[in-house]
Amino acid sequence: MIIIKRPSDLRSFIRSEKSKGQVIGFAPTMGALHEGHVQLIKTAVERATVTICSIFVNPTQFNDPEDFKKYPQHPEKDIYLLDKASADVLFIPSVNDIYPSGTEKLERFELGYLDSILEARFRPGHFQGVCQVMSRLLRLVNPDLLFMGSKDYQQCMVIKKLIAEIGLSTELVACPTVREPDGLAMSSRNLRLSPEERKIAPEIYKTLQHVREEIRPGSLGALALKAKQRLEQKGFRVDYIAFADRDNLQLAEEWDGRQPLVVLVAAFLNKVRLIDNLTIDE
Ligand code: AMP
């Protein structure tokens, strides 16, 4: 695996690979890699002919400065995992490489209602920050295939919109959520859970599964409230648990028994914020 630090070097590398007709696959990350990231890379290796992974902890997407400061980093383990997963390139830019004019005056992206619901409502500015870094990375790499995790369901939708907005022909491949054996969705933030919190954390997935079993056509409000209370009883502070259309993320209060839905949750265990989601079939 080649490690590239400078955007100009990455640009030349990609130009040369594209001229050979290679299919460029790209998986952007913030490092502290786990099996969820590794699966993205493995899928990329299967589907593309050149796989590029980036590690960049993006300062503009953290609405909580503490969260940014405490974001876990273990670069040596990351390199080992990427190499083992057969990534071809690791791109590690600096903040200055990504934001050469600083992070004060930034472009605004038109994301419509995706920028006001769920994650956007509870993390103001988060998706604008994600689009800052992703627009820069996408313009630089211009991948044929972009690999992202369905764990960040709303983020996948935002990035699809961004790709269209900036006029690229990149195809987004949304990969399934990789879980711990007890159901907890893998996340770099899980490293910040205390042993006690770690024991409680899988309750998020159990609650989503319970919702999927209990859902019936009709009003969804009571079921969402019951799920919220169940999590609160276990010690979570719930930002939201909500149903939405799987294809466009319009929030759903009612269900006709046929509409493809996804149930999404965000909740804190003390200081650690966890998110997860589950699709609901007919
Ligand atoms: P992050 O490093 O948290 O920004 O995540 C980088 C990419 O990995 C994003 O596309 C995430 O959705 C994806 N990802 C993170 N956790 C998981 C997981 N448990 N399963 C699948 N993909 C994941």
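Helices (H or I, at least four residues) and strands (E, at least two) are DSSP runs, numbered from the N terminus. The model is predicted: local features need pLDDT of at least 70, side-chain atom pairs count only at pLDDT 80 or more, and totals for chains, interfaces and linings use all residues. Residues are numbered from 1 along each chain as its sequence is written, and side-chain values use heavy atoms, without hydrogens and water.

**View 1. The shell around the ligand.** The ligand is surrounded by 16 residues (a heavy atom within 4 Å), of which M30, G149, D152, V178 and M186 are the closest. At least two residues of this shell come from each of β2 (24-29), α2 (35-47) and β5 (145-149). Helix α2 provides the largest share, 3 residues.

View 2. Polar contacts are pairs of N or O atoms within 3.5 Å. A polar side-chain atom of D152 lies 2.6 Å from a ligand oxygen atom, and an N or O atom in the side chain of H37 is 3.0 Å from an oxygen atom of the ligand. A polar backbone atom of V178 is 2.8 Å from a nitrogen atom of the ligand. Of the 480 Å² of accessible area (Shrake-Rupley, 1.4 Å probe) that the ligand has on its own, the protein covers 92%.

Note on methods
Polar contact = N/O pair within 3.5 Å; in protein donor to acceptor, adjacent residues only side chain to side chain.
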